[in-house]
Amino acid sequence: MGFGLKKKNKSKKNEIDFSQVMKGKKFPLLILDEHWIKLFPEEKMPQQIRELRNQLNDLLKKQSRVMEELKGIKRYKSQLMQEIVDNMEVDETPTGQIKGKKLQKNQKMILDMNEKLKATEESLEQIPIEIEELNEVLVAESSRICYEKMRQNQENVQQLEQEINNLRVLLKQKIIQKQDEQAESIEIYSYMHNMFGAGIMEFMDESYRRSLEEEMKRKEEQEENE
């Protein structure tokens, strides 16, 4: 069975550059893919895969956090804009002067919010790029590990097939040996029966049976004492 592995050097078993194969291609987010999760369960997950998985999880959490921050900035900016509108009527009265100071303060805060909004939006735009790049690395590393595992399995299967064939040959030899020894025992007993007669053979059979029982008993006692 082959997996399309191209070998440039016979001393190396796997020459696929998975990072180049996967470069620039679109893939689903592996850590959310049920098939990938089955391939790499937590208890069997290689360390390098776990590290990439954790980094992707961190990026997803960061993305959610930044999105919430962006919503909060927009809400606060909207409130400031409304306060600016509410304080547009500035005059020389004490109330007007208070409105004027608040207007200036809000206008400065709006400028600060605009800068923060721009930085947050840029950060939010960058995160999906980072997720895609890291996911591509995870795809390449996952593929490398899977192909390496399949290669190992292939070697093991070939070795097991050889061992099974050897066992089949050995089993066949043992069956023939068993049949030969059974036939030989029947033949020996038949000759002895014809020589000594039924009475003597019954006596010798009983003696032989007791001898076997005593031998088995000695072996059992010896095993218990060990």
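Biologist: Which helices each supply at least two residues of the nonpolar patch?

Modeller: In this predicted model, the nonpolar surface patch covers about 650 Å² and is made by Y191, M195, F196, I200, F203 and M204. Helix α4 runs over residues 94-196, while the other contributing helix runs over 198-225. The helices that each supply at least two residues of the patch are therefore α4 and α5.

Biologist: Which element gives the most residues to the largest nonpolar core?

Modeller: The largest nonpolar core has 27 residues, and those with the most contacts inside it are W36, F40, I49, L56 and L138. Two or more residues come from each of α1 (18-22), α3 (47-86) and α4. With eleven residues, the element that gives the most to this core is α4.

Biologist: Is the pair formed by the rings of W36 and F40 stacked, tilted or edge-to-face?

Modeller: A pair of aromatic rings is described by the distance of the centres and the angle of the planes. The count of aromatic pairs comes to one. In that pair the rings of W36 and F40 have their centres 5.5 Å apart and their planes at 40°, and because stacked means under 30 degrees and edge-to-face means over 60, the pair is tilted.

Biologist: Which residues does W36 touch, if those up to four places away in sequence are not counted?

Modeller: W36 is buried, and F40 is buried as well. Not counting residues up to four places away in sequence, the residues that W36 touches are L30, I31, M45, I49, R53, L138 and S142.

Biologist: Is T120 buried or exposed?

Modeller: T120 is found in helix α4, and, leaving aside its neighbours within four places in sequence, T120 is in contact with V66, L70 and I73. The relative accessible area of T120 is 9%, and because the cut-off for burial is under 20%, T120 is buried.

Technical notes
Residues numbered from 1 in each chain as written. Predicted model: local features only at pLDDT ≥ 70, side-chain atom pairs only at ≥ 80, totals over all residues. Heavy atoms only, no water. Helix = DSSP H or I, 4+ residues; strand = E, 2+ residues; numbered from the N terminus. Buried < 20%, exposed > 50% of the residue type's maximum accessible area, 1.4 Å probe, protein only. Contact = heavy atoms within 4.5 Å. Patch = residues over 30% accessible without salt bridge, like charges linked within 9 Å, V, L, I, M, F, W, Y side chains within 5 Å. Areas by Shrake-Rupley, 256 points an atom, 1.4 Å probe, with all protein chains shown as cover. Salt bridge = Lys/Arg side-chain N within 4 Å of Asp/Glu carboxyl O. Phe/Tyr/Trp six-rings, centres within 6.5 Å; stacked < 30°, edge-to-face > 60°. Core = buried A, V, L, I, M, F, W, Y, C linked by side-chain atoms within 4.5 Å.
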